[in-house]
Amino acid sequence: LGRARHDVHLAWQRPGGLAERSRHVRAAHVLPPPERGPAHWLEPLRTLCARERFDLVLPLDDPAVVALHGAREALSDLPLCLPGERGMRVAFDKLATWELARSLAIPVPRQLHLERALPAERIAAELGWPVVLKPRRSFAFGRRKWEHGVRKARHPRELETSLEALLAKDEVSQQQYDAAVA
């Protein structure tokens, strides 16, 4: 955008981050972080947009996309670039992503999707070792990164421990590890 001579502004960036040092960034604005909720950032964002009169507001990371999408109706007068409902579902729901890929005949690994744990022996009998564990949601406010990260279990005890920790926060897809697909 900067090379195309558009004015680029940042907000919700990590202070001192690399993006802030780009020669293409005209200004970096400080807003309350998205995880604090719209009650904290909605009006400061509106004030910033009114003052700067942006042509486009483009969220570039998961917290910004999720926050702005959640407040989409309240921000309907702003020039937001956001995915629609289906795009959000596919982008942030690993089961929806897997199902879409499968429906389009894109190779995907075999998978079990569970809301509760199954015995490790049964999972291994279905999928083999190692087993890839994927929490259903790829991002959620209030969760630490490991709580929605993908894990690989190589033996029953590792599978049981990882599955217990992940299921405490979300549904989990258990996939066959397939180097050709992975």
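Modeller: Start with alanine 105, which lies in the loop between H4 and S3. Helices (H or I, at least four residues) and strands (E, at least two) are DSSP runs, numbered from the N terminus.

Colleague: Why is alanine 105 called exposed?

Modeller: Exposed means over 50% relative accessible area, buried under 20%, and partly exposed in between (1.4 Å probe, protein chains only). Alanine 105 has 67% relative accessibility, so it counts as exposed.

Colleague: What makes tryptophan 12 buried?

Modeller: Its relative accessibility is 17%. The limit for buried is under 20%, so tryptophan 12 counts as buried.

Colleague: How far can I rely on the numbers?

Modeller: This is a predicted model, where local features need pLDDT of at least 70, side-chain atom pairs count only at pLDDT 80 or more, and totals for chains, interfaces and linings use all residues. Residues are numbered from 1 along each chain as its sequence is written, and side-chain values use heavy atoms, with hydrogens and water left out. The protein chain averages a pLDDT (the predictor's confidence in each residue, from 0 to 100) of 86.

Colleague: Which residues have the most contacts inside the largest nonpolar core?

Modeller: Trp12, Trp41, Leu45, Leu68 and Leu75, in a core of 19 residues. A nonpolar core is a set of buried Ala, Val, Leu, Ile, Met, Phe, Trp, Tyr and Cys residues joined through side-chain atoms within 4.5 Å. H1, H2 and H3 each give two or more residues to this core. H1 gives the largest share, five residues. A second, separate core of 14 residues includes Leu114, Val131, Leu159 and Leu163.

Colleague: What does H2 pack against?

Modeller: The buried residues of H2 pack against helix H1 (38-52) and helix H3 (85-92). Those buried residues are Ala64, Val65, Ala67, Leu68 and His69.

Colleague: How do you know that cysteine 49 is in no disulfide?

Modeller: A disulfide is a pair of cysteine sulfur atoms within 2.5 Å. The nearest cysteine sulfur, that of cysteine 81, is 14 Å away, so cysteine 49 is in no disulfide. A search of the whole structure finds zero disulfides.

Colleague: Why is aspartate 93 called buried?

Modeller: Because its relative accessibility is 11%. Aspartate 93 is in the loop between H3 and helix H4 (94-103). A polar atom of its side chain lies 2.9 Å from the backbone nitrogen of leucine 95.

Colleague: Which peptide bond is cis?

Modeller: The one from tryptophan 129 to proline 130, with omega near -10°. Most peptide bonds are trans.

Notes. Contact = heavy atoms within 4.5 Å. Polar contact = N/O pair within 3.5 Å; in protein donor to acceptor, adjacent residues only side chain to side chain.
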